Amino acid sequence: MTYTTRVKEEISKIELNKAEKICELSGFMRFAANFKNDLTMTLENASVARRIYKNIKEIFGICPKITIRIQRRFRIKQIYILEVKEKKEYICKYLNLLDGNKKINPNEYFLTNNEEKIAYLMGVFLAVGTVNDPASSGYHLEIVTNMNREAIYITKLFKDINITAKYLKRNSKYMVYIKNAEIIGDIIKMFKATNSYFYFEDIRIYRDHKNMVNRLNNCEIANQEKAIGAGLKQLEDINYLKKEDLYSLLDDTTKIVLEYREKYPESSLKELADIISMETDYKIGKSGVNHHFIKIKNLIKKHQNKN
């Protein structure tokens, strides 16, 4: 079972009031129904098929015809076909779908509050929505439609409930999509798919924690490499001082710092300062250690310029 199927099955079990059921059914049928001749809907999810059948029966008092077919393309699966043969024009006008045989524009005044807008979006998601499993490579929720105006309308509905979605044209279709993990989690929660939401959040938190640990490890490795590189360069400077008989020009404190650098070539300046402070009577900090190495650099530079 895919994660999308899991979310849709959970949504299909949510109880709604009558107004919300009408909005959900309107959203579903606008994107999933074929309006030629009879109203026909083809579904792959048994839970969604039961929900749509039940809502049509409760709201309009008619029982759609159900046909179950076995599809053997790639893998064997059941296809559910719902056909509404009665009250087609009445249902379409009632759900703000058709005026005669013409599909009308989505009407923002059909949805009077945020609860109805969410119910409508639930219906749209049940019809043509998908969401990636958070355990996969990335976070992605999308709704695909054939018409630009419907993509714009869905984007606007999300905006009305403070969710930012984008849309683009892909081949001959239009895709409304969201890639932000936190927002996708909010949408699943908004659709009241509680178990799917907890699963999503558990995976998201785990991935975020893992990424944070990886970043910290990378930073630590980078800092270690930087410290080792700096230590090797300082050892080169110390060897230069000895080779050119400049070591005797240094004061005793600087000599102590250089002595400990030779003992601990891979230590950072902070670690070196702590070691010197613990093992000698000379208390020194990171900036003090760095000051001594700047001093020997200046001495070497001065010597090289003379020669």
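Ala, Val, Leu, Ile, Met, Phe, Trp, Tyr, Cys and Pro are counted here as nonpolar, Asp, Glu, Lys and Arg as charged, and the others, Gly among them, as polar. The structure is a predicted model, in which local features need pLDDT of at least 70 and side-chain atom pairs count only at pLDDT 80 or more, while totals for chains, interfaces and linings use all residues. Residues are numbered from 1 along each chain as its sequence is written, and side-chain values use heavy atoms, with hydrogens and water left out.

The protein chain has an average pLDDT (the predictor's confidence in each residue, from 0 to 100) of 85, and 95% of the residues score at least 70.

We turn next to the pockets. A pocket is found on a 1 Å grid over the protein atoms alone, as an open set of points where a 1.4 Å probe fits, with protein on both sides within 12 Å along at least five of seven lines; its lining residues have an atom within 4 Å of a point. Grid points are joined across faces, edges and corners, and the volume is the space filled by probe spheres set on the points. The largest pocket has a volume of about 880 Å³. It is lined by 33 residues, with K8, T42, E44, L126 and A127 closest to its centre. This lining comprises 14 nonpolar, ten polar and nine charged residues.

The second largest pocket holds about 350 Å³ of space. Among its 17 lining residues, N223, K226, A227, S268 and L269 lie nearest the centre. Here the classes are three nonpolar, seven polar and seven charged.
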